[in-house]
Amino acid sequence: MSRVHLLMLGALLICALSVINATDQQRRIFIELDLAQAQERQLRQDWSQLQYQQGALSKVSRIESVAQRALKMRPVTSGLTHYLTPQIINLDEVEPLSASTLPQNAAKRAPQLPAFFEKGWR
């Protein structure tokens, strides 16, 4: 065997190993692609199921039934409604507060009254 034959044999071995390596990489990539596609199908199926569940849970009839069953709520009827009326306060009969009866810094902490209280809402 001459040197040329040895070089050609070495080049042939290198080419054969590179073909084997490329085939192995192709096989691995194909397996990863197949797994990714299976995961995509599973995620699409889960998404569809979640959308269906969201639609079923957000129906008004389901919300009303859960509110009545779990929270013991009742629909509003005119017999159950209580209307509140403002009480009429005679400001002349109310004893004004003096500075000695207020705690310190109460004036700073007191909320601002609406304008109708200042005018004497009656």
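**Exercise 1. Find which residues make the nonpolar surface patch of about 570 Å², and classify leucine 9 as buried, partly exposed or exposed.**

Step 1. The patch is formed by Met1, Leu6, Leu9, Leu12 and Leu13. The model is a predicted one.

Step 2. Take leucine 9 and locate it: this residue belongs to helix α1, which covers residues 3-57.

Step 3. The relative accessible area of leucine 9 is 39%. Buried would require under 20%, and exposed would require over 50%. Leucine 9 is therefore partly exposed.

**Exercise 2. Describe the elements of the protein chain and state where confidence is lowest and where it is highest.**

Step 1. The protein chain has four helices and zero strands. Read from the N terminus, the order is α-α-α-α.

Step 2. For the protein chain, the average pLDDT is 84, and 79% of the residues reach at least 70.

Step 3. Confidence is highest in α1, with a mean of 97, and lowest in helix α4 (residues 115-119), with a mean of 54. Where pLDDT is low, predicted coordinates should not be read in detail.

**Exercise 3. List the salt bridges and find which residues are joined into one network.**

Step 1. The cut-off is a side-chain nitrogen of Lys or Arg within 4 Å of a carboxyl oxygen of Asp or Glu. The count is three salt bridges.

Step 2. Start with aspartate 24. Its side chain forms a salt bridge with arginine 27 at 2.7 Å, N to O. Both residues lie in helix α1, three residues apart, about one turn of the helix. Aspartate 24 is partly exposed at 23% relative accessibility, and arginine 27 is partly exposed at 46%.

Step 3. Aspartate 24 also meets arginine 28 in a salt bridge, at 3.3 Å, N to O. Arginine 28 and aspartate 24 are four residues apart in helix α1, so about one helical turn separates them.

Step 4. The side chains of arginine 44 and glutamate 40 form a salt bridge at 3.0 Å, N to O. These two residues are also in helix α1, four residues apart, about one turn of the helix. Arginine 44 is exposed, at 55% relative accessibility, whereas glutamate 40 is partly exposed, at 39%.

Key
Residues are numbered from 1 along each chain as its sequence is written. This is a predicted model: local features need pLDDT of at least 70, side-chain atom pairs count only at pLDDT 80 or more; totals for chains, interfaces and linings use all residues. Side-chain values use heavy atoms; hydrogens and water are left out. Patches are made of residues with over 30% relative accessible area and no salt bridge: like charges are joined within 9 Å, nonpolar side chains (Val, Leu, Ile, Met, Phe, Trp, Tyr) within 5 Å. Accessible areas come from the Shrake-Rupley method with a 1.4 Å probe; for residues, only the protein chains shown count as cover. Buried means under 20% relative accessible area, exposed over 50%, partly exposed in between (1.4 Å probe, protein chains only). pLDDT is the predictor's confidence in each residue, from 0 to 100.
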